[in-house]
Amino acid sequence: VTSVEFSPSNDKLASGSDDSTAIIWDVFSGKILHRLECKLAPINHVRFSIDGEFLVTGSNKVVKVWGSNEGNIIQTYKGKDGVFSISCSAVHESTFAAGYR
């Protein structure tokens with residue numbers, strides 16, 4: 001596991017790992033809600049949006065925005081280097097920034 005993040009409501013926990021997956025867990029039951037496959041790159045960072053509706057994952061050169069309730073990909077962004085940090089806006093639910101190496 002390379003990164004973990006609680007949802008703003010504290011009912012979900014997201015984890016990212018070297019096996020190219022991010023998992024959204026139900027905190028209370030410990031069950032997996034969604035297993036998000038990111039294909040061929042370790043997940044370096046996970047971050048929930050301020051409203052908990054989105055999960056942003058960062059891996060080598062790719063940032064993906066997922067629907068945290070459905071587990072679906074909303075958007076994919078490609079960069080030049082590996083993602084090492086993600087921050088989500090406290091004002092605009094769907095705004096985020098990613099730091100690259």
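Contact here means heavy atoms within 4.5 Å. With that in hand, take cysteine 38: leaving aside its neighbours within four places in sequence, this residue is in contact with Ser20, Ile43, Thr57, Lys64 and Trp66. Before going on, know that this is a predicted model, where local features need pLDDT of at least 70 and side-chain atom pairs count only at pLDDT 80 or more, while totals for chains, interfaces and linings use all residues. Residues are numbered from 1 along each chain as its sequence is written, and side-chain values use heavy atoms, with hydrogens and water left out.

Now for the strands at the start of the chain. Strands are DSSP runs of E, at least two residues long, and they are numbered from the N terminus.

How covered is S2 (residues 12–16)? Mostly: 4 of its 5 residues are buried, where buried means under 20% relative accessible area, exposed means over 50%, and partly exposed is in between (1.4 Å probe, protein chains only).

That brings us to the inside. In soluble globular proteins, nonpolar side chains tend to be buried together. A nonpolar core is a set of buried Ala, Val, Leu, Ile, Met, Phe, Trp, Tyr and Cys residues joined through side-chain atoms within 4.5 Å. The largest one in this model has 10 residues, among them Ala14, Ile24, Cys38 and Trp66. Strands S3 (21–26), S5 (43–48) and S6 (54–67) are the elements that give two or more residues to this core, and S5 gives the most, with 3.

The whole structure holds 1 salt bridge, meaning a side-chain nitrogen of Lys or Arg within 4 Å of a carboxyl oxygen of Asp or Glu. Arginine 47 forms this bridge with glutamate 5, their closest N and O atoms being 3.5 Å apart. Because arginine 47 lies in S5 and glutamate 5 in S1 (residues 3–6), the pair ties together parts that are 42 residues apart in sequence. Arginine 47 is partly exposed at 26% relative accessibility, whereas glutamate 5 is buried at 19%.
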